[in-house]
Amino acid sequence: MEISIVDRAYAAQNLDRFAAILVQNVEDGAVVGFVLPFTREQSETYWKGVFSAVAEQERLLFCATIDGQIAGTVQLYLSPEPNAPHRAEIFKLLVHRDFQGRGIGTALMLAVETEAVRRARSLLILDTVLGGAGERLYRRLDWQEIGIVPHHFLDPFGVPRASVYFMKLLDLSNDDL
Ligand SMILES: CC(C)(COP(=O)(O)OP(=O)(O)OC[C@H]1O[C@@H](n2cnc3c(N)ncnc32)[C@H](O)[C@@H]1OP(=O)(O)O)[C@@H](O)C(=O)NCCC(=O)NCCS
């Protein structure tokens, strides 16, 4: 498995794959911002917006590839506010169902932490659906729970779900990351 931070050109060339991974995850019930029915076209529109943010250097787009094929992805939003140069947020950790349970999600999150340290972003924040695979993964990686928001969003089937907010403080002097 290889993990890299990709540019807009690479991302655009792989629009089909990004779109397919998101559609597949939403169809499988992942709570990642969309409800069913969720079309390939809607997915492409979402990704094109992400690719623009990548070009603006507002977001970093990470990809895990296996034999050249994208298996998973995650984004790091570099908070642009003048009073938040130390902060970043994690968006859309997605691993294609064919590749789940092999450590790709974990590897993507560790790569995000390494890059955040490199960019002196010491405070990371994310939210995820309560009771989901993401929550387990973040707890395993020592993310600290901030709190639970009831009825934060709908799952793809329209059912209200709560979210858990997590934070992680990174030690910028830690060379081990
Ligand atoms: C959440 C998600 C990203 C996790 O990705 P993943 O690649 O499956 O994650 P990992 O493989 O690192 O970890 C998942 C499990 O596999 C296990 N695992 C990791 N490597 C393994 C290996 N080599 N062999 C067997 N099991 C392994 C982990 O211990 C973990 O087990 P646990 O969940 O019981 O604690 C993935 O399930 C997904 O895309 N879900 C839908 C989208 C979503 O909900 N994203 C989160 C939004 S915030």
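Predicted model: local features only at pLDDT ≥ 70, side-chain atom pairs only at ≥ 80, totals over all residues.

Reader: OK, and what about V95, how far is its polar backbone atom from a ligand oxygen?
Author: That one is 2.8 Å, between a polar backbone atom of V95 and an oxygen atom of the ligand.

Reader: And the side chain of T106?
Author: An N or O atom in the T106 side chain is 2.5 Å from an oxygen atom of the ligand. On its own the ligand has 940 Å² of accessible area, and the protein covers 68% of that.

Reader: Which residues come nearest to the ligand?
Author: L93, G101, G103, G105 and T106, out of 20 residues around the ligand. The shell divides into eight nonpolar, eight polar and four charged residues.

Reader: Which helix gives the largest share of that shell?
Author: Helix 5, with six residues. Helix 5 spans 133-140, and strand 4 (87-95), helix 4 (104-118) and strand 5 (123-129) also supply at least two residues each.

Reader: What lines it?
Author: The lining has 39 residues, with A30, V32, L93, T128 and G134 nearest the pocket's centre. By type, the lining residues are 19 nonpolar, 13 polar and seven charged. Among the elements that each supply at least two lining residues are helix 2 (15-27), strand 6 (144-154) and strand 7 (160-169).

Terms used. Residues numbered from 1 in each chain as written. Heavy atoms only, no water. Near = heavy atom within 4 Å. Polar contact = N/O pair within 3.5 Å; in protein donor to acceptor, adjacent residues only side chain to side chain. Areas by Shrake-Rupley, 256 points an atom, 1.4 Å probe, with all protein chains shown as cover. Helix = DSSP H or I, 4+ residues; strand = E, 2+ residues; numbered from the N terminus. Nonpolar A, V, L, I, M, F, W, Y, C, P; charged D, E, K, R; others polar. 1 Å grid on protein atoms, 1.4 Å probe; cavity = no way out; pocket = protein on both sides within 12 Å on 5 of 7 lines; lining within 4 Å.
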